[in-house]
Amino acid sequence: MRDRIAIALAGAAAGLLAWNLYKMFLVLPDEAMQGPIFRILFFHAPAAMVGMTGYFVALVLSILYLSSNQLRFDALAASIIEVSLVFSLINIVTGSIWARIIWGVWWTWDYRLTSQLVCILIFAAYLMLRRGIDEPTQRARLSSALCIFGCIDVVIVWKSIEWFRNLHPGPVLSIRTGGGHMDPAYERVFYWNLLALLLVGISLVLIRTRQEATAREIDSLRRLAHAQ
Amino acid sequence: MEGFMEARNLTFLFYGFTAAWAILLFYVITLARRGAQLKKDLEQVKRLFQTAPEEHRERIEESVR
């Protein structure tokens with residue numbers, strides 16, 4: 001059943017992405033100041049949003065694990081963090097390519113960029129930590145604690161464009177600014193692409209969660225075999 | 001000069017989209033390979049349990065499902 005849902009979500013995401021690409025390249029005009037490179041924003045910012053949403057969901061699951069000791073919460077948090085990390089990587093790489101054209105540099109130690117890099121490093125460390133510990137409850141406890149710590153940085157990434165003076169552009173979406181910063185036609189495509197990437201993310205999480213459950217089952221069967 | 005900038009702008013847009021799809025594709029391939037490896041491991045554990053008592057066999061069948 002879960003596989004079918006994952007396939008259906010991936011199919012819906014593929015259709016939506018195709019429609020969005022058509023809109024981005026054949027319907028929307030170039031942005032007046034930035035030219036064609038502006039279109040990177042349709043992947044750059046939604047990828048960051050999907051990643052951040054994932055980290056916050058993982059935070060809730062980590063807290064649930066610590067309060068209930070049920071390993072399924074930990075497994076789901078790990079799957080979500082892995083997928084979120086992929087979206088954060090997409091965000092930072094596409095952002096760097098955009099910056100090369102608009103700012104003339106690939107990278108600058110701006111608050112937003114630096115905090116996002118730290119976020120990626122923390123959650124990469126989370127995945128490495130999980131690989132390094134064999135005992136499931138110890139692994140779950142330590143990785144839940146690291147997830148909670150990592151989410152402090154996610155808040156800094158999110159709010160840095162409001163808290164600090166940055167080279168990175170400030171908020172442009174009308175839900176944060178009240179409107180007037182982005183053309184509504186651009187904003188519509190932006191939200192549709194956010195939905196498409198969210199569907200891709202959910203389908204990947206479903207597949208990854210299933211793998212995590214199978215791995216756990218194999219592990220417990222191996223223990224059983226050795227105990228015989 | 002403006003034409004050159006426009007072409008450069010488009011080239012970097014292409015790089016951006018390629019990078020995004022490449023990262024996603026790489027992860028999907030990693031997931032598929034991991035899934036194949038898990039299948040192999042499950043087969044191995046199944047073989048381990050071929051001579052196991054009935055209750056253990058039931059558990060393996062459950063996990064395969």
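**Entry 1: chain B.** I began with chain B and found 2 helices and 0 strands there. I kept in mind that this is a predicted model. Next I looked up burial: of the 65 residues in chain B, 8% count as buried.

**Entry 2: where the chains meet.** I then turned to the contact, to which chain A brings 26 residues and chain B brings 24 residues. Which elements of chain A give two or more residues to the side that touches chain B? I found helix 3 (71-102) and helix 7 (184-227). Helix 7 of chain A gives the most to that side, with 11 residues. I also sorted the chain A side by residue kind, and it divides into 17 nonpolar, 4 polar and 5 charged.

**Entry 3: the nonpolar core.** My next stop was the largest nonpolar core, which has 58 residues. Ala58(A), Ala77(A) and Ile81(A) have the most contacts inside this core. From chain A, the elements giving two or more residues to the core are helix 1 (2-27), helix 2 (41-68), helix 3, helix 4 (111-132), helix 5 (136-163) and helix 7. Helix 3 of chain A supplies the largest share of the core, 18 residues. A reminder to myself: in soluble globular proteins, nonpolar side chains tend to be buried together.

**Entry 4: a look at Ala77(A).** Which residues does Ala77(A) touch, leaving out those up to four places away in sequence? I noted Ala58(A), Leu61(A), Ser62(A), Tyr65(A) and Cys147(A). Ala58(A) was already on my page, as one of the residues with the most contacts inside the largest nonpolar core.

Methods. Residues numbered from 1 in each chain as written. Chains lettered and ligands numbered in written order. Predicted model: local features only at pLDDT ≥ 70, side-chain atom pairs only at ≥ 80, totals over all residues. Contact = placed C-beta atoms within 7 Å. Helix = DSSP H or I, 4+ residues; strand = E, 2+ residues; numbered from the N terminus. Nonpolar A, V, L, I, M, F, W, Y, C, P; charged D, E, K, R; others polar. Buried ≥ 20, exposed ≤ 12 C-beta atoms within 10 Å, placed from the backbone. Core = buried A, V, L, I, M, F, W, Y, C linked by C-beta atoms within 7 Å.
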